Amino acid sequence: MSREEIIDQFRKKFEPEILDVTEKNPKRMIVTVRPEAILEIAEYLYTSAGFRFIIATALHTRKGFEIHYHFSRDEAGLILNIHVVLDKDDPKIESLSNLFNASNWIEREMHELYGIDFVNHPNQEKLISEGNWAEGVYPYRKEFK
Amino acid sequence: MSKKTLIPIGPYHPLQEEPELFKLYCDGEIVRDIKWETGYNHRGIEKLSESKTYDQVFFLVERICGICSTSHPFAFANAVEEIIGVEVTDRAKYIRSIIGELERIHSHLLWVGLAGHFLGYNTVFMWAWKYREPVLDLFEMITGNRNSYAMFRVGGVRRDIDESKIPEIQSVLDGLKTKTDLLAGAVMDDPVIHARTKGVGILTKQDILDYAAVGPTARASGVAIDVRKDDPYAAYPLVNWKVITAEAGDVFAKAEVRLLEMYESVSIIEQCLKGLQKSAGQDIALKIKEIPEGMGMGRAEAPRGEVFHCVFSDGSNSPARHKIRAPSYVNIATFKKACIGQTIADATISLAAVDPCYCCTERMAVAYDSKSGKRLMNARELTELSFQRTSEIKNKLI
């Protein structure tokens, strides 16, 4: 299946959930979706569309907390970025770790560094600063003037 | 009631990119559960990167890992060049690929040596590390450093490979081929190594997809993913080579994949050297004046698998956010599948097969009784347990 077909199929299936689409080049696609739809989209990508979860990147910006979920379709050389924007004051999103183990560590890390809550995560403990970092202090958060 | 014993492996070794503590919960000799703690050496590199200029970040990411120290600058360069939308010259591409493949050879040799050591084959260890030396000498000749080569920059490379150096590189490569034959022979045809590694630490295709494992770990389980083929960068689309896979998913398959990959690497370098002769006179770096606002994702195939860098630029001279994912981050998690149900003696090589955790297992492992806290075994005794298993098999076979 070509890159265009993969992307078309995805866009058709999740049309109501998609808020914005940016295509930087044919191999990179950034799709902003509603955060509520993340589990359904991830499930489709992982189980039926043959995508591999690479990692997720969290960002703290003026818009709030953003997460880019990077999915790779290896045979097509495509990276599909599922981008969500979360609430400034109460960032939370459904965990993907019950779907695949690959997201277990990175969700714990994002929880620890940014204070994003991953709902239904099987084990949302600290990953990297267990026992030597204050509770409720999130080192990668920014202060905006 | 059976007594469960806790065997901690780790946590710390300064040579390693990822010091970790593995807690093996054992019932007799069988590993029943495995838990880990990480972050002992969390250096905040992603955060640090935000305070460096793009030129400085190359030196920073090079220091993430001492063994595959060029794969991070490689992925970072790919990411930044994607933001700018430039393509480097063919000559720069060839030089980048030569460095990348030399690194793969030395890293795989290092692995073969350590794997040999863990199985009680210290001759393999001595050989492999001896054969690795000329590769490091080549690095010194080409880049000025045996490690942390500082070759990459946005838009190209920092140093050219001079025409006069090509014959010497070629002669080291010729030597490597015969030595790889020797090593491959020693590993592939040895009945004791077969007995120790076949059927040990098996990862199925489903496990690989579930944990999103990459590199030789994935390829040994029949998942043919290799960024060099899937999302071609540098000179890889300009040369002929093939992705090596194996089906079994055990330790032997992982060794096989790594050994055969070294032949491919040698062949890639040879073709790149020809490419260098063809591209003589080209610039090795483009002039990049500024990096526009945007987002770039760069990937590179490190010896251990895909390295992923995601860079956000706000138009200033340093990244606004820089996410790094090293291959071991996803590969280490597969231990849960590879080790449970194995004996402790096999756990050592199963952990080692993924290629992140030798030094830990060697230097820091101490076994305690989980109830009394009494010391049961230290690292040497653990390794000796593995040696003992090998000699038992040897005696049986001979």
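Hi everyone, let me start with one pair of residues: Asp20(A) has Thr32(A) in β2(A) as its bridge partner. What we are looking at is a predicted model, where local features need pLDDT of at least 70, side-chain atom pairs count only at pLDDT 80 or more, and totals for chains, interfaces and linings use all residues. Residues are numbered from 1 along each chain as its sequence is written, while chains are lettered from A and ligands numbered from 1 in the order in which they are written.

A quick word on terms. Helices (H or I, at least four residues) and strands (E, at least two) are DSSP runs, numbered from the N terminus. Two strands pair if DSSP finds at least two bridges between them.

Back to our pair. Ile18(A) stands opposite Val33(A), also a residue of β2(A). Between β1(A) and β2(A), residues 28-33, there are 6 bridges, and the two run antiparallel. They form a hairpin, with 2 residues between them.

One example is Val31(A), whose bridge partner in β5(A) is Ile82(A).

Now zoom out. The open sheet has 5 strands in the order β1-β2-β5-β4-β3 of chain A, with mixed pairing. At the edges are β1 (18-25) and β3 (52-61) of chain A, each pairing on one side only. On average, neighbouring strands are turned by 20° against each other, direction ignored.

Next, the helices. α2 of chain A, residues 38-48, lies across β2, β3, β4 (64-73) and β5 (78-86), and runs at about 170° to β5(A). α3 of chain A, residues 104-114, packs on the sheet too, touching β3 and β4, with its direction at about 5° to that of β3(A). Axes here are lines fitted to C-alpha atoms, for helices over the stretch in contact, and angles run from 0 to 180 degrees between N-to-C directions. Contact means that C-beta atoms, placed from the backbone, lie within 7 Å.

Finally, the partner chain. The contact takes 23 residues from chain A and 22 from chain B. On the chain B side, α8 (205-211), β7 (305-313), β8 (321-325) and α12 (327-331) each supply at least two residues. Thanks, everyone!

Terms used
Two residues are in contact if their C-beta atoms, placed from the backbone, lie within 7 Å.
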